[in-house]
Amino acid sequence: MTTPLFHAHSPALFTSILTWLRENLFNGVINTFCSLLLGYLALSAAWAVLDWAIFNADWIGSTRDACHGEGACWVFISVRWEQFMYGFYPPEELWRPRLFFASLAILLLLLAYEKTPNRTRIWAFFVTAYPCLIATLLYGGVFGLAVVETHRWGGLLITLVIALVGIIASLPIGILLALGRRSRMPIIRSLSTVYIEVWRGIPLITVLFMASVMLPLFLSHGTEIDKLIRALLGVIMFSAAYMAEVIRGGLQAITKGQYEAANALGLSYWKKMTLIILPQALKITIPSIVNTFIGLFKDSSLVLIIGMFDVLGIGQTANTDPDWLGFATESYVFVALVFWLFCFAMSRYSIWLEHKLHTGHKH
C-alpha cells in the first residue's frame with residue numbers, strides 16, 4: 001500500500017480555515033473592506049518596523065560613524081552592552097555577575113522541567129541558601145573576593161536582584177498575612193488588615209523614597225543600612241500586601257466542605273492549611289500570583305528615583321552621552337524587549353502550570 005502524500009485531514013483543515021475566514025472576516029461588503037484595510041495597515045506597519053529594526057539597521061561597529069541613519073543603530077546597544085547588563089560593575093570582576101546569570105538560568109530550567117530529580121530539594125536550595133551565596137558572590141569581602149559596593153551594581157543585574165528577592169520573600173509573607181486576615185483571633189486579624197490596607201494605599205515610589213531617605217532618620221546615630229537593602233525591604237513589604245489579597249481571594253474560593261472535611265479528620269490548624277486548603281487556594285490563584293510577580297518585575301525600574309540604575313536607568317543614562325545623542329529610540333526599544341521577554345516567559349510558564357495543575361476549577 002502506498003503512503004499518501006498529504007495527511008487525510010489536510011483538505012478538511014484547509015476548508016475549515018477558509019470557512020472561518022469567510023464567516024468572520026469576509027461575510028459582507030463592509031466586513032470585507034474593513035478586513036482588507038486593517039490587513040493592509042498591519043502589514044505596512046510590520047514592514048516599516050522590520051525595515052527599521054533589521055533590514056536597514058546597523059549592527060557592526062564601535063563608534064557613531066558606523067551608523068548611517070537609515071535604520072536602527074544597534075551599534076549603540078553593543079557598545080553599551082556591559083552597562084545594560086551589569087551597570088558599573090568593575091570590568092575585572094564581571095565573571096561574578098555572569099556566574100550569577102548562568103546559575104540562575106540553570107536553576108530555573110531545572111525547576112521548570114517536570115522530570116528533574118530532587119526538584120523539592122532544588123527549590124529549597126533556591127529559596128534559602130542560593131540568595132545568600134549570590135549576595136556573597138556579588139558583594140564580596142570573603143574568600144578573597146574584592147568588595148563591590150552596591151552603588152556600582154546596575155542594569156539587568158539590579159533588576160533581577162530586586163525582582164527575585166521581592167518575589168521569593170513576598171509570597172510566604174503574603175500567605176501569612178492572608179491567613180492572619182482570615183484568622184478568628186481579633187488582634188491578629190486587625191493587625192493583618194491594617195498592614196494590608198496601609199501598604200496597598202501607598203504608591204511604590206513613596207515607599208522607595210521613604211525607605212531610602214526617611215528610614216535612616218529613625219535609626220540610631222552611626223547606624224547605616226545599605227541602600228539596596230532598604231529598597232529590597234520596601235519592595236518586599238509593598239508586594240506582600242498585594243500578594244496577601246491575592247491569596248485571600250483563593251482562600252475564600254475554597255468551599256466550606258473542604259474546611260469541614262479537614263476538621264472532621266481532626267487535623268490541627270496548620271496541617272489543615274498546609275495539606276488541604278493552601279494547595280487548592282494557590283492553584284486557583286496562579287494567574288493572579290504571576291500577574292503580581294510581573295507587576296513587581298516591571299516596578300523594579302522605579303528604583304531609579306533613589307539613585308539606583310536598573311536596566312531602564314542605564315538606558316536613560318546612556319541617552320545623555322554626548323557622543324551618542326539621538327539614539328534614545330534604540331535604547332528604549334531594547335529595554336522594552338528585555339522586560340517583555342522576562343514577563344512573557346513568566347506568563348507562558350504560569351499558563352502551562354495552570355493547565356498542569358488543573359483539577360476541575362477551570363470551566
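Q: What makes up the nonpolar patch on the surface of this predicted model?
A: The patch is formed by Trp47, Leu50, Ile54, Phe55, Trp59 and Ile60, which together have about 720 Å² of accessible area.

Q: Why is Phe55 called partly exposed?
A: Partly exposed lies between under 20% (buried) and over 50% (exposed). Phe55 has a relative accessibility of 48%, so the residue counts as partly exposed. Phe55 belongs to helix α2, which covers residues 29–55.

Q: What makes the link between Cys67 and Cys73 a disulfide?
A: A disulfide needs two cysteine sulfur atoms within 2.5 Å. From S to S, Cys67 and Cys73 are 1.7 Å apart, so the pair qualifies. The structure holds one disulfide, and both Cys67 and Cys73 are buried.

Q: How do you know that Arg64 has a polar contact with Leu325?
A: The cut-off for a polar contact is 3.5 Å. A polar atom of the Arg64 side chain lies 2.8 Å from the backbone oxygen of Leu325, so the distance meets the cut-off.

Q: Where does Arg64 lie, and which residues does Arg64 contact beyond four places in sequence?
A: Arg64 is in the loop between α2 and α3 (75–79). Arg64 contacts Asp323, Trp324, Leu325 and Phe327.

Technical notes:
Residues are numbered from 1 along each chain as its sequence is written. This is a predicted model: local features need pLDDT of at least 70, side-chain atom pairs count only at pLDDT 80 or more; totals for chains, interfaces and linings use all residues. Side-chain values use heavy atoms; hydrogens and water are left out. Patches are made of residues with over 30% relative accessible area and no salt bridge: like charges are joined within 9 Å, nonpolar side chains (Val, Leu, Ile, Met, Phe, Trp, Tyr) within 5 Å. Accessible areas come from the Shrake-Rupley method with a 1.4 Å probe; for residues, only the protein chains shown count as cover. A salt bridge is a side-chain nitrogen of Lys or Arg within 4 Å of a carboxyl oxygen of Asp or Glu. Helices (H or I, at least four residues) and strands (E, at least two) are DSSP runs, numbered from the N terminus. Buried means under 20% relative accessible area, exposed over 50%, partly exposed in between (1.4 Å probe, protein chains only). Contact means heavy atoms within 4.5 Å. A polar contact is a pair of N or O atoms within 3.5 Å; within protein, one must be able to donate a hydrogen and the other to accept it, and residues adjacent in sequence count only if both atoms are side-chain atoms.
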